Amino acid sequence: MTGRDRVLSALKRIETSRVPIGEIGGGYTDVIIQAVLGDKYDLGPDAYFLNHQRIREILGADIVGARVTGPPVEMVGIHEDWGTETFRDYWGATHTQPPDATVQLVEPIANSPEELESWRPPDVGDFDSSQISRWKNNTDFFVLATLNAGFDLGYELLGFERFMMWTIQARDTMKQYYEKLIETNLTLAMMSAEAGADAILIADDLAFNTGTFVDPNYLRSDYFPILKRMVIEIKKQGLPVFFHSDGDLRNVIPDLIDCGIDVLQSCDPNANMDIPTLKREYGQDLAFMGNIDVDLLANGHVVEVENTTRNLINDARSEGGFILGTSNVVASYCQPENLKAMYAVAHKELK
Amino acid sequence: MPSDSIQQAIIMGNVASISADVNQLLSEGVNSQKILDEQLLPGMAIVGERFKRNEMFLPQVLMSAQVMQTAIDILKPHLSGNPEARHRETVIIGTVKGDMHDIGKNLVRIMLIGAGFEVIDLGVNVPAQRFLDESLKHQAAIVCLSALLSSTMNNMREVVQAFRNHADLKDTKILIGGAPVSREFSQNIGADGYAPTAPAAIEQVQHFCGQ
């Protein structure tokens, strides 16, 4: 059975000989790939594809994440405080990456609701979907095409606090903003489908570990109806829809089901998102992916990782609807031995 | 009565009327410390409680904090010359070196301001030395450290060590928070406390101050 078949079986609620396993997005950071591949790590011009293929083969992963890619970012200056280059993405926001740190927003796409009203998203029609078709045509992995929707991308382009305040101060403008972002991402979804994606992953963080950032009633009135239209359009292409959000989503799971989401990914145990519990309540309507704490892979012992993985598989595998993975992606600070242990248990725990 | 509407303005996040209402009370001779203690702080305390119970959400808290900040900006000159004014404890806050995440840190900052603290926000990616320098400069007795990543939370240890090794800062109360940290980690690195949520951070800081 191929990885693709195994994931599709899980989505059809068919329990396979072992649970499907994998990660979303890039899945494994380069530091981890180097540590796992050792001298098999490729340095040539095709290194990204070869290394990502090899790590999945070595670990026995079933899934590969890919996305439609846009033009390279445009360098626009030097950051005053950090001395690092600032670059503009194709949405129009400017960022920088300070030394030893993650990317930081420097200049949002709009500084006022009025500016946001006149903002136009980029034309993505000539973006490149060959990454997706290459995985589909050359491997048996389940190809999960990643894109965004309106919320997470929305605050990445505006800045978190500004975005949150405008949900109250400029409600109509924000609804139009979600529409624009979702329309553009829907185009990317159609391109992903055409390129051979097996499913679409909508990455859209909505919550803290203690609950949603905004009132669930706001999501119901102003956001989910727009998200639902996006999901319906994707599903017309015959593709299942995965949804990634960190945090505690328990208050809005029925809403996500109503939107047509097929698989909920992340399911961080630190946010009380326990897959066996969620499966008992929603398993008929929703499949679940994730649930292994990234911090366990970073700071735990191999035996701890093995026991946690084994217990999760045994509690969640029944009647499919479950894909094992981390609750985010395998970060560079994870211990490679822990990662290998997690995947090895998935392969040992046969039906 | 402006005094009633001030508390309501805080709770409702209504910035439109706050300046006029605070100025009216001041012109009527109401003590600036009394406005802070009896209107603004109780209003933000209600906001904090409602947030904790998931009855208010982040956008509403941000709006309330904006109203609070507007009111405090008006009161500040009056408080500084007011013999009845209580000393507002200064808290230094920042995300440790290597980490650019600021959502949780900003939320704690906003709620600390709401609770009446003077807050110096050092931003993100802050090296240990800067926490020391700013603590000395502002004579801060409390420092809050934030980290979202397992990799960067270990930089909290360096900050705590730097404070403990500094003759004038070794007694500084250090509170840590962020998704990967735990009470056990806090004890392990010698911090004075750990807060799993923003409201818990405010309670801890108030506890440090004997409130």
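**Figure 1. Contacts between chain B and chain A in the predicted model**. In this predicted model, 18 residues of chain B are in contact with 23 residues of chain A. On the side of chain B that touches chain A, helix 4 (58-80), helix 5 (103-114) and helix 7 (150-164) of chain B each supply at least two residues, and helix 4 of chain B gives the most, with four residues. By residue class, the side of chain B that touches chain A divides into 10 nonpolar, seven polar and one charged.

**Figure 2. Helix 7 of chain A and the elements that cover its buried residues**. Helix 7 of chain A comprises residues 160-169, and within this helix A:F163, A:M164, A:M165, A:W166 and A:T167 are buried. The cover over these buried residues includes, from chain A itself, helix 4 (113-118), helix 6 (152-158), helix 8 (171-194) and helix 9 (216-235). Helix 4 of chain B is also included in this cover, and helix 4 of chain B is the element that gives the most residues to the side of chain B that touches chain A.

**Figure 3. Packing of helix 11 against helix 13 in chain A**. The axes of helix 11 (residues 275-282) and helix 13 (residues 302-316) of chain A come within 9 Å and cross at roughly 10 degrees. Because an angle under 35 degrees counts as roughly parallel, helix 11 of chain A is described as roughly parallel to helix 13 of chain A. The contact is made by A:I275, A:P276 and A:K279 on the side of helix 11 of chain A, and by A:L312, A:D315 and A:A316 on the side of helix 13 of chain A. The residues of this contact divide into four nonpolar, no polar and two charged. In the loop between helix 11 and strand 12 (287-292) of chain A lies A:G283, which counts as partly exposed because it has 19 C-beta neighbours inside 10 Å. The C-alpha atom of A:G283 is separated by 21 Å from that of A:A346, the two residues being 63 residues apart along the chain.

**Figure 4. The parallel pair of strand 12 and strand 13 in chain A**. Strand 12 and strand 13 of chain A pair in the parallel sense over five bridges, with A:M289 having A:I323 of strand 13 of chain A as its bridge partner. Strand 13 of chain A (residues 322-326) is largely enclosed by the rest of the structure, because five of its five residues are buried.

Figure 5. Among contacts in chain A between residues at least 6 apart in sequence, 73% join residues at least 24 apart.

Key: Residues numbered from 1 in each chain as written. Chains lettered and ligands numbered in written order. Predicted model: local features only at pLDDT ≥ 70, side-chain atom pairs only at ≥ 80, totals over all residues. Contact = placed C-beta atoms within 7 Å. Nonpolar A, V, L, I, M, F, W, Y, C, P; charged D, E, K, R; others polar. Buried ≥ 20, exposed ≤ 12 C-beta atoms within 10 Å, placed from the backbone. Axes fitted to C-alpha atoms, helices over the stretch in contact; angles between N-to-C directions. Parallel < 35°, antiparallel > 145°, perpendicular 65-115°, else oblique. Pairing = 2+ DSSP bridges.
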